[in-house]
Amino acid sequence: MKQHILTGLVALAAFALSACDDYTEIMPKGKNLLVTTEQLEMLLNKEYYLSGESDAILIGDCYPTASNIPNMVSQPAPSLGQVLTLWLDDVNREPLVAQDGFYTNYYSVIGKIANPILMQIDDASGDEAMKRQLKAEALVLRAYFGYLLVNHFAKAYHQSTAANDGGIPYPREDNDIATPNEKYTVQQVYDMICEDLQNAIDLNSLPDVNVNQMRVSKAFAYAVMAKVMMSMGRYGDAEKYADLSLSINNHIADYNQMVEMGMYGNREFLRMYMECEEDLFFTHNDLSLRAFTPEYLARFEEGSVVRNCYPSDKNIFGFPYFGPTFYGMNIECWYLADNTFFNEA
């Protein structure tokens, strides 16, 4: 009997050790489980929806969406809309923003798409050419969204002060996720952006024509480098990279060819979703119920689609009663059809 019990205990111990071996093969918590090129490529199935309303208000092109402007600018307690519309640079904006979607969304592209790909791609199984392409795409994504972030949340680049101007975090794939990201200077951020873009270009793996307009192409990588060079005041380099981009895709859309009769007999401007060839990388946003100043509208050239279709109560672009109703002012309101999408950035 004792012999049977001993044999059973030995067998049970062996089973337990075998089970423990199985558990040690489980990927630790916090580690990326994507281990093939096909799995990592799925991270790029992202719809980039960006919001640039605050920038448009600061530039002076439009008013905050559906806000009664006279009431907003006269209220004693400041709001973000009031601060942006009146350029109140002495008001602290932080308490006025419960959550900054711009900050969250842009860093999520770096943290949830670009860096996971860069972290895993070298060890992933799969086609080597595809691995190089995915790596190049991820580097451009990190550089582009880093560029947008540093321009939104830090001072503009000035060569004489950039080394001392406070910048932003620029998370890399090898950063310890348990440690807060370091805040770099503006110069350091731009140096890392340029490094990522150059590394992506040197891989020589980006397609001339992207898989779709939410994937990175060679033309887009050159265009981003051109934008970065412009911001740094390196205009000769900006021209060089702009020419390289245009040598691949120099399409300019004729918006007047996108005007059709709508279902109510009104003229509609239909810039269809991800179908405009001039978009090198599509980060869409709409401008529904957005009011523009008369001064802004007067600057459109003759023959532009806005001049042809707006403002008029016969066209879907603008309805006169929207201005007084939504804004408390005698202004026109731009209302876009559901199938009209603009590239935000």
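V140, Y144, Y147 and N151 in helix 7 meet F220, A221, V224, K227, V228 and S231 in helix 9, where a contact means heavy atoms within 4.5 Å. Sorted by class, the residues of this contact are seven nonpolar, two polar and one charged. For the classes, Ala, Val, Leu, Ile, Met, Phe, Trp, Tyr, Cys and Pro count as nonpolar, Asp, Glu, Lys and Arg as charged, and the others, Gly among them, as polar.

Before going on, keep in mind that this is a predicted model, in which local features need pLDDT of at least 70, side-chain atom pairs count only at pLDDT 80 or more, and totals for chains, interfaces and linings use all residues. Residues are numbered from 1 along each chain as its sequence is written, and side-chain values use heavy atoms, with hydrogens and water left out.

Now for the chain as a whole. It has 13 helices and eight strands; these are DSSP runs numbered from the N terminus (helices are H or I with at least four residues, strands are E with at least two). Among contacts with a separation of 6 or more, 66% come from residues 24 or more positions apart.

Back to the helices. How do helix 7 and helix 9 pack? Their axes are 10 Å apart, at an angle of about 30°. That makes helix 7 roughly parallel to helix 9. The axes of helix 8 (residues 186–202) and helix 9 (residues 218–231) come within 10 Å and cross at roughly 155°. This makes helix 8 roughly antiparallel to helix 9. Axes here are lines fitted to C-alpha atoms, for helices over the stretch in contact, and angles run from 0 to 180 degrees between N-to-C directions. Under 35 degrees counts as roughly parallel, over 145 as roughly antiparallel, 65 to 115 as roughly perpendicular, and the rest as oblique.

In the meeting of helix 8 with helix 9, Y190, I193, C194, L197, Q198 and I201 touch A221, Y222, V224, M225, V228, M229 and S231. By class, that contact has 11 nonpolar, two polar and no charged residues.

Next, the rings. The whole structure holds 10 aromatic pairs, and here are two of them. Rings of Phe, Tyr and Trp (its six-membered ring) pair if their centres lie within 6.5 Å; planes under 30 degrees apart count as stacked, over 60 as edge-to-face and the rest as tilted.

| Pair | Centres apart | Angle of planes | Kind |
|---|---|---|---|
| Y147 and Y190 | 6.3 Å | 85° | edge-to-face |
| F220 and F281 | 4.7 Å | 25° | stacked |

Y147 lies in helix 7 (residues 128–153) and Y190 in helix 8, so their pair ties together parts 43 residues apart in sequence. Both Y147 and Y190 are buried. As for the other pair, F220 sits in helix 9 and F281 in the loop between strand 4 (267–269) and strand 5 (284–285), so it ties together parts that are 61 residues apart in sequence. F220 is buried, with a relative accessible area of 6%, and F281 is buried too, at 1% relative accessibility. Ring pairs also link Y106, Y144, F145, F220 and F281 into a cluster.

Key:
Buried means under 20% relative accessible area, exposed over 50%, partly exposed in between (1.4 Å probe, protein chains only).
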